[in-house]
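Please work through the exercises below with the sequence and the coordinates open beside you.

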Amino acid sequence: ESTPKADSKRRGSPATPAEIENREHFQLSPEEAFFLVFSLGALSVVDRTTDQPIPAEQLLTLFRSHSYFPPRPADVALLGPNDPFLIHYAVYHHFRSLGWVPRHGIKFGVDWLIYQRGPVFDHSEFGVIVMPSYSSPQWEGHEHEETKRTWAWLMGVNRVLSHVLKSLVLVYVDVPAPPVFEQAMRSGGISEALKKYTIREVMVRRFSVNRNR
C-alpha cells in the first residue's frame, strides 16, 4: 500500500531553490565619477589602501594618467591638456551643464550617447564623436597627434546610427596649448582650465534627394 510520503519520494520532491548571487552592480565611467566628485560634491572615491577619500586634484591626475594605454606615471610633467580624459571630460561637462545626460556609446561605435533625461526614462537620439582640434599656433613645438578620420569611417558610423534611429554629432574640442592650460591650472585649477576648451557641435545628416526636396 502506497502512502503520500512514498509517492512523493517516487515522484521526486521539489529541490530547495538555490540562492542566486546578485552580480549586478552600479558602474561609473571616470568622467561620470569625476563630475560627481568635482562639480556636485555628491561622491567620494576611497583609496583601498588608506580607506580615505581621494582629493579631487589627485583624482584628476589619476584619471588623466590612466586614460592612456598603457597608463602613464602620475607625473604632471608627462601629462598635458590633450590627455584623453581631459578632452572627453570637457565634452561630458559641456553637455551636463546644458542639461543633457551623456553615457558611453561604445555599443554603437561612438564616444557618447546623450539623453534628455537618462537611459531609464527615454532613448537617446544622438551619438557623439569627439574630435580634438589644435588650432592654436602655440601648439607648434609641442607634441600632439592630429585626429585622422576617413570618409569611409564617417559613413560607416553614420549608417550604424541611422539603423537605430540616432543622429551623428561631431563635437570638435579646441584644445588649449600647454602654456595656456598650465597657466590656467596654476591660477584657478581645473575650473579655470576647463574654460580654455572651446566646444562646437556639427550634426551629420544623410542627404536624400526625395526627402530633402
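The model is predicted, so local features need pLDDT of at least 70 and side-chain atom pairs count only at pLDDT 80 or more, while totals for chains, interfaces and linings use all residues. Residues are numbered from 1 along each chain as its sequence is written, and side-chain values use heavy atoms, with hydrogens and water left out.

**Exercise 1.** Describe the secondary structure of the protein chain.

Solution. Read along the sequence, their pattern is α-α-α-α-β-β-β-α-β-α-β.

**Exercise 2.** Decide whether Ser-29 is buried or exposed, and find what Ser-29 touches.

Solution. First locate Ser-29, which lies in the loop between α1 (4-11) and α2 (30-40). Its relative accessible area is 8%, so Ser-29 is buried (under 20%, whereas exposed means over 50%, with partly exposed in between, for a 1.4 Å probe and protein chains only). Leaving aside residues up to four places away in sequence, Ser-29 touches His-104 and Trp-112 (heavy atoms within 4.5 Å).

**Exercise 3.** Classify the packing of α2 against α4 (residues 84-97) by angle.

Solution. The angle between the two is about 60°, and their axes, 10 Å apart, are lines fitted to C-alpha atoms over the stretch in contact, with angles running from 0 to 180 degrees between N-to-C directions. α2 is therefore oblique to α4, since angles under 35 degrees count as roughly parallel, over 145 as roughly antiparallel, 65 to 115 as roughly perpendicular and the rest as oblique. Among the residues making the contact are Phe-34 and Phe-35 of α2 and Tyr-89 and Tyr-92 of α4.

How values were computed: Helix = DSSP H or I, 4+ residues; strand = E, 2+ residues; numbered from the N terminus.
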